[in-house]
Amino acid sequence: MVMAGSDVVLPCSLDNKNIELALFDWMKDGRQDVFLYDDGTHDNNSCPGEDEQFKGRVSHFPDELLHGNASIIIRNTRLSDSGSYTCDFPHIQQKRFHIELLVERRASDKDSDSPLLRKHARNKDFDLLHRLGKTF
């Protein structure tokens, strides 16, 4: 679980295998293209077919490919980034990795949406009574 607005690394690696010339594909919920790396070719800002939701926010670790690391980083996560991610090596049999990502609102976002918590900023006793189950 990560807070909205933070960066998250989604891990994926093949044990110490050089994947600089490999093909790996990151997908969300089995239908959204997140990141595609193919034999040294990629475009972090606009992969062909990359879902609009991820444009300009996803990158990988080029120096780590030599060690089998196909992890990606999603910057400035959004609530809509929550879901099931797969890292697939289609030319390497049975090499698919699954990661569940849950993005939650930051506490400050929750505060601004809640009239009770906005009132808490002005009256600490109100919050204490509210947590104790007291009503007005």
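Where is Asp-81 found? Select Asp-81: the residue is in the loop between β6 (72-74) and β7 (83-88). Strands here are DSSP runs of E, at least two residues long, numbered from the N terminus.

Before going on, note that this is a predicted model, where local features need pLDDT of at least 70, side-chain atom pairs count only at pLDDT 80 or more, and totals for chains, interfaces and linings use all residues. Residues are numbered from 1 along each chain as its sequence is written, and side-chain values use heavy atoms, with hydrogens and water left out.

Stay on Asp-81 and show the surface. Asp-81 counts as buried because its relative accessibility is 0%; buried means under 20% relative accessible area, with a 1.4 Å probe and protein chains only.

Asp-81 makes a side-chain polar contact of 2.6 Å with Gln-53 and another of 2.8 Å with Arg-57. A polar contact is a pair of N or O atoms within 3.5 Å, one able to donate a hydrogen and the other to accept it.

Leaving aside residues up to four places away in sequence, Asp-81 also touches Lys-28, among others; contact means heavy atoms within 4.5 Å.

Now select Lys-28. Its bridge partner in β4 is Gln-32. Strand β3 (residues 23-28) pairs with β4 in the antiparallel sense over six bridges; pairing requires at least two bridges found by DSSP.

Finally, select the open sheet of four strands, which runs in the order β4-β3-β7-β8 with antiparallel pairing. Its edge strands, β4 (32-38) and β8 (96-101), each pair on one side only.

Conventions:
Buried < 20%, exposed > 50% of the residue type's maximum accessible area, 1.4 Å probe, protein only.
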